[in-house]
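User: I would like to go through a model with you, one topic at a time. Could you take a look?

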Amino acid sequence: MIIREIAWGSPDYAAAVSLRNDLLCLPVGASIFSSDLRQEKDSFHFAAFDAEGRMTGTLILAPDSDTQFHVRQVAVLPAMRGQGTGHALMAHAEAFARARGVRTLRLDARTNARRFYLACGFTVCGEPFGRVDLRLTPMQKQL
């Protein structure tokens with residue numbers, strides 16, 4: 001598995017957007033394409049690729065400040081879940097953030113992903129919020 005940063009607006013970015021749409025948006029009746037993706041231009045985008053070069057997962061680090069980043073839009077192909085792709089993406093993102101002096105990562109975890117983020121060392125830091133069909137739990141990790 002290879003994990004690397006991908007450039008906003010690149011073909012890999014377009015593939016990551018499609019992956020995020022398929023795995024995160026469509027299941028809750030939404031479309032990522034109704035969002036203004038230009039808002040992601042100043043974020044850091046990462047993707048995992050298998051040995052054949054196929055994208056298997058993606059995530060975004062959005063700077064909240066010089067010392068805090070927001071982990072967003074983590075998506076891993078269902079066939080790759082439980083095989084270390086998500087953990088490798090998170091470890092790569094954490095190392096990237098640490099190298100830039102970031103001290104805190106925060107995220108809003110979907111109910112079905114809370115256990116994953118707890119295993120990655122995140123802690124719950126607020127009350128769940130959101131729609132009935134899409135509850136999110138604020139979590140954070142000190143680096």
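User: Let's start with α1. Which of its residues are buried?
Analyst: This is a predicted model. In α1, the buried residues are Tyr13, Ala16, Val17, Leu19, Arg20, Asn21, Leu23, Leu24 and Cys25.

User: And what covers them?
Analyst: The cover over the buried residues of α1 includes the strands β1 (2-6), β2 (44-49), β3 (55-63), β4 (68-76) and β5 (104-110).

User: Why would one say that the length of α1 agrees with its residue count?
Analyst: Helix α1 covers residues 11-25, which is 15 residues. At 1.5 Å a residue they should span 21 Å, and the end C-alpha atoms are 20 Å apart, so the two values agree.

User: There is an arginine on that buried list. How accessible is Arg20, and what does it touch?
Analyst: Arg20, which lies in helix α1, has a relative accessibility of 2% and therefore counts as buried. Leaving out residues up to four places away in sequence, Arg20 touches Tyr13, Cys25, Ile32, Leu37, Glu40, Thr58, Ile60, Gln73 and Ala75.

User: How far is Ser35 from Pro11?
Analyst: Their C-alpha atoms are separated by 18 Å, and the two residues are 24 apart along the chain. Ser35 sits in the loop between α1 and β2 and is partly exposed, at 41% relative accessibility.

User: New topic: aromatics. How many aromatic pairs are there?
Analyst: The structure holds 6 aromatic pairs. One of them is formed by Trp8 and Tyr13, whose ring centres are 5.9 Å apart and whose planes lie at 50°, so this pair is tilted. Trp8 is partly exposed at 30% relative accessibility, whereas Tyr13 is buried at 6%.

User: What about Tyr117 and Phe122?
Analyst: Tyr117 and Phe122 form an edge-to-face pair, 5.9 Å from centre to centre with 80° between the planes. Tyr117 is buried, with a relative accessible area of 8%, and Phe122 is buried at 2%.

User: Which residues make up the aromatic cluster?
Analyst: Phe44, Phe46, Phe69 and Phe96 form one aromatic cluster. The charged end of Arg100 sits over the ring of Phe96, 3.4 Å from its centre. The charged end of Arg100 also sits over the ring of Phe44, 6.0 Å from that centre.

User: Now the core. How many residues has the largest nonpolar core, and which have the most contacts inside it?
Analyst: The largest nonpolar core has 23 residues. Those with the most contacts inside it are Leu59, Leu61, Val71, Met90, Leu105, Tyr117 and Phe122. The elements giving two or more residues to this core are β2, β3, β4, α2 (85-99) and β5. The most comes from α2, with 5 residues.

User: What is Leu61 in contact with?
Analyst: Neighbours within four places in sequence aside, Leu61 is in contact with Ser43, Phe44, Phe46, Phe69, His70, Val71, Ala93, Phe96 and Leu105.

User: Finally, α2. Which of its residues are buried, and where do they fall around the axis?
Analyst: The buried residues of α2 are Thr85, Gly86, Leu89, Met90, Ala93, Glu94, Phe96 and Ala97. Seen down the axis, they fall within an arc of 165°, so they line one face of the helix.

User: What is its reach, and what follows it?
Analyst: The 15 residues of α2 reach 21 Å from first C-alpha to last, close to the 21 Å expected at 1.5 Å a residue. Gly101 follows α2 and has a positive phi, near 80°.

Technical notes: Residues numbered from 1 in each chain as written. Predicted model: local features only at pLDDT ≥ 70, side-chain atom pairs only at ≥ 80, totals over all residues. Heavy atoms only, no water. Phe/Tyr/Trp six-rings, centres within 6.5 Å; stacked < 30°, edge-to-face > 60°. Buried < 20%, exposed > 50% of the residue type's maximum accessible area, 1.4 Å probe, protein only. Lys NZ or Arg CZ within 6 Å of the ring centre and 35° of its normal. Helix = DSSP H or I, 4+ residues; strand = E, 2+ residues; numbered from the N terminus. Expected span 1.5 Å × (residues − 1). Contact = heavy atoms within 4.5 Å. Core = buried A, V, L, I, M, F, W, Y, C linked by side-chain atoms within 4.5 Å. Arc of directions from axis to C-beta.
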